[in-house]
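Okay, thanks for coming, everyone. Have a look at the model on the screen, and I'll talk you through it piece by piece.

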Amino acid sequence: MLNIDLLKRKYKRLITFDENKFTNELDLHSKRLAGIKDFNSYKSLIIYNHLNKNTLIYYLCFYYSLLDEKIKDFEAITGQNLIDEYFADKDRDLELSTNLRYTDILFIIVDQLDYKHDYLETLVKNLVDFRTSQGLRTVLLYQTVSQSITEASNIQAVETYFRNQNFLIVKGQQTTKQEDIVKKAKQQGRLLW
Amino acid sequence: MITNLVSVLLSIIYIEDPKVMYKYLTLLQTSLKLNEVETRIIRYAQDLIERGEPIHSDGLKSKFSYYFDNKVTSSISLSNLDFAIAELRREQEKKTLAEDLLTLGSKVGNLTQNEIEQKIQDILKSSSFKGDTVPTNSLLKKDNAYEGLIAKDGLSLVVPEIEKYIGKATKGEILSILAFTGSFKTVYALNIAYENAMNGHNVLYLGLEDTGDRLVSRLVLNHIANTATKESELIKSNDIRDDKLTPEQQEYYNNKHNELVSLISDNLLVWDTTDIEYKTFNDMTTTLRLADTEFFNKTGKGLDAIIVDQLALLKYADNKKNQYDGGVMNDWVSYFREQALNFLNSTRQVTIFLVSQINRESFSQASRPKSKGQYSTTAASDSHEIERTSASMITLYKDNEIDNLVLVNIPKARYGQVPNRPLQVEVYGEYCHFGSLPNIRDKKTLTFSEYTAEDFSLKDLLTGDKK
């Protein structure tokens with residue numbers, strides 16, 4: 001049980017556009033993630049997302065805070081920033097580096113339109129590895145231009161790594177769509193199984 | 001060894017190291033009854049040491065020759081001084097007991113048998129002289145050993161989550177409340193005072209860094225926060241400071257002030273530095289005795305708890321600032337430990353809360369994401385005696401990223417357990433309130449199952465109130 005006001009104040013900076021639209025997107029995330037089996041138990045996961053990333057981060061920060069009954073700290077960083085930070089040498093932001101390793105929830109945002117970068121994949125894999133060993137939550141948001149995208153072509157190695165480690169991968173909506181088609185077809189009596 | 005006070009005093013003034021000499025002079029002051037001349041000699045020597053002037057032992061002896069001459073039988077070595085002072089104290093205690101019994105004897109004719117028995121009991125109870133009785137072995141058979149261990153009459157720590165780890169504060173314990181500047185130490189200490197006074201415990205609040213009026217004003221704000229049923233009733237401290245209260249709010253505040261006084265003035269004494277003497281241990285003992293008597297007169301029972309806010313300010317007592325070396329604070333902590341276990345030498349036990357400062361290095365470490373708010377037992381800046389003496393240590397860390405949240409760590413819990421991570425506790429500095437707002441709380445809380453329920457409206461997240 002947590003105080004809503006405190007949660008709101010903590011994550012207020014994520015609300016960057018119209019509150020009604022923001023809420024509508026929260027609803028969509030809520031409905032989409034509600035049906036995923038054992039969602040709570042995964043510490044590291046990839047989520048394909050074509051909506052505004054802040055709404056998903058906001059939803060998940062509330063979700064994990066309430067789940068663990070602790071107002072969680074979080075950090076969000078894009079793949080490109082992660083590379084820049086890693087190669088910054090003497091200009092490296094040590095506080096950010098520590099945060100990336102130890103913050104309660106880390107969101108790594110990779111865009112479908114980003115260039116493929118081997119270093120990025122290695123960096124992400126190492127970071128996820130370290131954080132998993134610390135029992136911390138890491139969410140890789142794969143931002144797509146449409147909900148039908150189901151292949152992370154520029155971070156394939158990371159996705160394979162997640163699959164091999166039995167981490168959760170929440171794909172785009174194509175599968176759901178097919179299910180809907182089947183469901184609809186069944187309702188219409190065209191399919192019998 | 002046959003000792004007299006003259007030999008002891010003379011042996012002390014011949015000690016070469018002024019710091020050691022000062023320590024023994026102070027020990028004489030605090031543990032023995034001294035006559036006027038002896039007090040004057042000690043003060044004279046202490047003044048010289050405090051000013052950093054050399055002490056010429058022969059000169060001192062001749063200055064007070066009317067006291068020292070022809071009385072000294074032998075000098076006492078440094079290694080035997082402690083024993084000699086303890087022996088003198090024992091002699092004095094024996095003498096006091098004998099005098100009390102003689103005084104009682106002169107009044108026996110006017111007393112009934114019950115009264116005589118009662119008076120004898122009182123004298124024996126208040127006397128520190130225990131004769132040659134062998135101390136009782138604690139390993140005794142009891143009818144119900146379990147019963148005596150339950151902290152049923154313990155003092156509240158205000159937040160149930162904290163009590164889950166530490167338990168209630170029981171008699172004979174020292175609890176330390178540690179935080180860096182501006183991290184709600186006084187707010188928490190005042191909330192402990194308020195809560196326990198409301199529960200009928202007698203609490204003495206020694207406010208060494210603020211005026212009594214301001215402390216009371218903060219208690220009133222907390223009383224309002226505890227009793228308010230809607231947010232519009234709450235009053236912020238800044239609004240009082242800036243004279244922004246409406247006439248209705250002013251009236252409400254004044255009524256609440258008087259309501260608070262009616263409710264707890266018998267059980268809570270708030271004394272600031274203008275009210276009390278605290279320069280020496282003897283002064284402090286007198287202050288505590290006055291408080292105990294006051295409580296006894298008002299409630300029929302003595303003092304239950306003392307809150308010292310804050311300990312660091314005692315280092316300026318008795319003008320010791322010039323030669324402060326940390327030892328002074330250790331002495332004060334030891335003094336309070338003795339009071340907790342054997343209050344005013346009466347064998348009674350009381351609970352003592354010591355409010356103290358966190359050192360800068362620990363604050364810097366606790367500000368890192370890896371160990372946010374996670375102070376360790378060595379975090380106290382005033383005295384390392386705190387970590388040894390405290391039964392429990394409660395540290396507070398203000399989370400700058402989010403208002404109204406403080407991270408509470410419990411690095412030591414002698415009768416409980418230490419949490420893995422700091423607890424997140426609501427705090428409302430503007431209302432001088434520690435913990436969630438009790439009557440407003442239900443509308444503001446959210447659980448995981450509510451959040452993930454199908455019928456939960458996510459719009460509520462943005463409006464704040466759960467409908």
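So, chain A comes to 8 helices and 6 strands, where helices are DSSP runs of H or I with at least four residues, strands are runs of E with at least two, and both are numbered from the N terminus. Starting at the N terminus, the order of elements in chain A is β-α-α-β-α-β-α-α-β-α-β-α-β-α. Of its 193 residues, 47% are buried; buried means under 20% relative accessible area, exposed means over 50%, and partly exposed is in between, with a 1.4 Å probe and protein chains only. If you take contacts in chain A, meaning heavy atoms within 4.5 Å, between residues at least 6 apart in sequence, 77% of them join residues at least 24 apart.

Quick housekeeping: this is a predicted model, so local features need pLDDT of at least 70 and side-chain atom pairs count only at pLDDT 80 or more, while totals for chains, interfaces and linings use all residues. Residues are numbered from 1 along each chain as its sequence is written, chains are lettered from A and ligands numbered from 1 in the order in which they are written, and side-chain values use heavy atoms, with hydrogens and water left out.

On to chain B. There you get 18 helices and 10 strands, and the C-alpha trace spans about 95 × 60 × 50 Å along its principal axes. Chain B has 467 residues, and 47% of those count as buried.

How are helix 1 and helix 2 of chain B packed? Helix 1 (residues 5–13) and helix 2 (residues 18–31) sit at an angle of about 155 degrees, with their axes 9 Å apart. Those axes are lines fitted to C-alpha atoms over the stretch in contact, and angles run from 0 to 180 degrees between N-to-C directions. The two helices are therefore roughly antiparallel, a label for angles over 145, with under 35 being roughly parallel, 65 to 115 roughly perpendicular and the rest oblique. On the helix 1 side, the contact includes B:Leu5, B:Val8 and B:Ile12, and on the helix 2 side B:Met21, B:Tyr24 and B:Leu28 are among the residues involved.

Next, helix 12 of chain B, residues 247–264. Its 18 residues reach 26 Å from first C-alpha to last, close to the 26 Å expected at 1.5 Å a residue, counting 1.5 Å times one less than the number of residues. B:Tyr253, B:Lys256, B:Leu260 and B:Ile264 are buried here. Looking down the axis, the buried residues fall within an arc of 65 degrees, so they line one face of helix 12; the arc is taken from the directions from the helix axis to the C-beta atoms. Over on the other side, B:Pro247, B:Glu248, B:Glu251 and B:Ser262 are exposed. The cover for that buried face includes helix 9, helix 10, helix 11 and strand 3 of chain B.

Now helix 13, residues 281–299 of chain B. The buried residues here include B:Phe281, B:Leu288, B:Asp292 and B:Phe295. Just after helix 13, B:Gly300 takes a positive phi of about 80 degrees.

Last stop: where is B:Asn202? Find the loop between helix 9 and strand 2 of chain B. B:Asn202 counts as buried, at 0% relative accessibility. Its contacts include B:Phe295 and B:Gly302, and B:Gly302 is 100 residues away in sequence but 7.1 Å away in space, C-alpha to C-alpha.

Technical notes: Lists of a residue's contacts leave out its neighbours within four places in sequence.
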